Amino acid sequence: MCGIVGYVGGQSALDVVIAGLKRLEYRGYDSAGVAVLADGQVASAKKAGKLVNLEKALVERPLPSGTTGIGHTRWATHGGPTDINAHPHIDNAGRVAVVHNGIIENFAALRTELTDRGHDMSSETDTEVVAHLLAEAFSSRGDLAESMRQVCGRLEGAFTLVAVHADEPDVVVGARRNSPLVVGVGDGEFFLASDVAAFIAHTRSAIELGQDQVVELRRDGVRVTDFDGADADVREYHIDWDASAAEKGGYDYFMLKEIAEQPKAVADTLLGRINAEGSLTLDEVRIPPRVLRAADKVVIVACGTAFHAGLIAKYAIEHWTRIPCEVELASEFRYRDPILNTRTLVIAISQSGETMDTLMALRHARDQGATVLAICNTNGSTIPRESDAVLYTHAGPEVAVASTKAFLTQLVACYLVALYLGQLRGTKYGDEIRAVIRELSRISHEVERVLETMEPVRELARSLADKRTVLFLGRHVGHPVALEGALKLKELAYMHAEGFAAGELKHGPIALIEEDLPVVVVVPSPRGRSVLHDKIVSNIQEIRARGARTIVIAEEGDDAVVPYADHLIRIPVTPTLLQPLVSTVPLQVFACELATARGNEVDQPRNLAKSVTVE
Ligand code: F6R
């Protein structure tokens with residue numbers, strides 16, 4: 001949430017910062033702003049709305065050129081999305097500019113203190129106090145990095161800050177607590193950003209900043225310290241994807257590109273994890289096997305789409321390992337005082353690796369002695385750093401706010417973990433594990449086949465553009481798929497959409513069914529638990545009898561559903577537990593097309609942002 005960029009080097013800071021903000025706009029698009037140091041002054045511009053508004057303003061009133069600058073794209077927390085509340089925030093003398101991601105929880109007390117000392121505040125934000133505190137600290141110390149360390153000692157909450165001071169024209173200073181910040185290492189130039197995507201066009205070398213660290217960038221190097229000024233270890237790493245991965249590549253939206261990338265993402269997530277004999281080798285899961293063997297409970301914590309991946313994982317974990325598995329919304333987890341101990345294995349699933357709710361949940365779990373395994377898509381992000389081990393999904397950068405390819409790869413990673421536990425604990429025979437792995441290995445091809453048959457789904461979506469409600473039903477692993485289908489539709493098409501367990505219908509939701517109401521039904525394979533299949537066929541008949549327009553997702557050859565399907569979407573035959581890898585795809589395409597037909601912004605749905613770094 002909120003994207004931050006900083007630059008010092010030989011190029012036009014404004015150009016570098018604006019290009020970086022374009023790549024970070026997925027993190028927030030309520031307002032955008034920049035500040036550059038030029039001629040011993042801070043020159044800044046900021047505008048409510050998307051980055052394009054700022055760009056227009058800069059054409060009308062260009063900033064002087066400079067080679068040190070910062071920028072911000074905002075997801076509003078304190079104060080509405082107005083020009084005044086946009087970042088950067090600047091002190092009264094106009095010497096310091098600061099941008100911020102996070103929430104400063106004690107800002108009200110600091111604000112009162114500062115106004116009592118004669119500072120004038122112009123915005124409603126929590127961030128503005130930092131500009132004033134930095135200005136005060138700088139006036140007595142004359143060193144921006146030192147001033148930042150001092151100010152950080154006074155702040156509570158989550159804050160990643162990047163600042164410049166007119167008296168230090170070749171310096172950018174950043175500080176990190178809880179929200180992400182990465183340094184890009186160039187040749188005679190350095191970058192700071194919330195995400196490597198902001199500077200990937202310039203360098204593929206990066207330095208991760210740790211919790212409670214301050215970094216000072218100069219043209220000739222970087223210095224990283226803790227908040228007390230002690231030098232910290234600096235670990236440079238190579239970013240293993242290039243700028244093209246973060247571009248639309250000919251697609252109208254990132255979401256379309258990311259949906260299309262799913263076969264590769266699924267295959268990449270399996271890569272290197274299966275040995276020549278067809279068994280699993282999860283070397284990176286550096287949790288001692290004795291700990292995994294002793295685990296008597298698995299708890300999965302995640303949010304949104306990642307939570308739905310967790311709900312599906314529960315079926316596989318319990319079926320393959322016979323360990324009880326709970327799945328919990330990360331935002332609720334620590335507040336209900338969950339029962340955790342050294343025999344609990346917690347799995348934290350997160351695409352971004354920065355979701356604050358999930359981070360807080362895993363911290364709570366570790367405090368109680370549980371072992372935490374992260375499933376994450378973002379190298380070096382906070383959640384894997386704070387976990388005992390990580391299994392990375394290899395989806396590549398996911399830019400569209402609505403998660404698609406990350407979800408499928410989270411499922412693959414969950415299946416791998418479940419099988420690995422089964423392998424270690426001996427609850428699955430080697431040949432059984434190899435059989436599932438063989439199925440998983442061909443799934444990427446099946447996802448490809450689903451994608452090739454999506455035109456009727458798009459056509460159907462367009463025909464439903466004026467509907468107010470769509471319901472989704474599923475049983476077994478199809479239930480979380482229904483929840484995911486509904487979430488995608490809510491967030492992209494802004495329609496009322498709900499997912500239900502089909503068996504729950506008769507306990508209330510069936511009252512919602514009315515003439516021509518579209519209801520999507522995810523049908524389990526008739527070859528799995530046939531009783532499940534038969535029950536859902538009855539459910540389809542029940543809703544159809546009450547007027548629903550049934551949209552049925554069923555596997556090839558399942559003819560029992562044909563008489564009751566107003567629209568039939570075929571998916572390839574897959575093992576019961578793996579079906580979500582193919583049944584989710586039509587729902588993603590459906591939501592994307594419906595949103596487009598309604599004229600919505602697919603990649604940047606209203607009110608949302610990717611990477612939710614506030615609780
Ligand atoms: C929905 C979506 C969100 C995220 C959720 C968790 O399409 O993208 O619901 O899944 O905010 O984000 P991560 O996985 O980054 O922790």
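Author: The account below starts with conventions, goes through the sheets, and then turns to the loops, the ligand and the domains.

The model is predicted, and local features need pLDDT of at least 70, side-chain atom pairs count only at pLDDT 80 or more, and totals for chains, interfaces and linings use all residues. Residues are numbered from 1 along each chain as its sequence is written, and side-chain values use heavy atoms, with hydrogens and water left out.

Helices (H or I, at least four residues) and strands (E, at least two) are DSSP runs numbered from the N terminus. Two strands count as paired if DSSP finds at least two bridges between them.

Tyr 7 has Gly 69 of β4 opposite it. Contact here means heavy atoms within 4.5 Å.

A further open sheet is made of 6 strands, again with antiparallel pairing, in the order β5-β6-β7-β8-β12-β13. Because β5 and β13 (221-226) stand at the edges with a single partner strand each, one side of each has no neighbour in the sheet. Strand β8 (residues 172-177) pairs with β12 (residues 213-218) in the antiparallel sense over 5 bridges, and Arg 176 stands opposite Gln 213 in β12.

Two backbone details fall in loops. The peptide bond from His 87 to Pro 88 is cis, with omega near 0°, and Pro 88 sits in the loop between β4 and β5 (89-90). Asp 516 is not a glycine, yet its phi is positive at about 70°; this residue lies in the loop between β21 (496-501) and β22 (518-522).

The ligand has 13 residues around it, of which Ser 350, Gln 351, Ser 352, Thr 355 and Glu 491 come nearest; a residue is near if one of its heavy atoms lies within 4 Å of the molecule. An oxygen atom of the ligand is 2.6 Å from a polar backbone atom of Gln 351. A ligand oxygen atom is also 2.6 Å from an N or O atom in the side chain of Ser 352. For a polar backbone atom of Thr 305, the distance to a ligand oxygen atom is 3.1 Å. On its own the ligand has 410 Å² of accessible area, and the protein covers 87% of that; such areas come from the Shrake-Rupley method with a 1.4 Å probe.

The protein chain is divided into domain 1 (3-245), domain 2 (248-451) and domain 3 (455-597), with bounds from an automatic or database domain assignment. The centres of domain 2 and domain 3, taken over C-alpha atoms, are separated by 25 Å. Their contact takes 32 residues from domain 2 and 27 residues from domain 3.

Notes:
A polar contact is a pair of N or O atoms within 3.5 Å; within protein, one must be able to donate a hydrogen and the other to accept it, and residues adjacent in sequence count only if both atoms are side-chain atoms.
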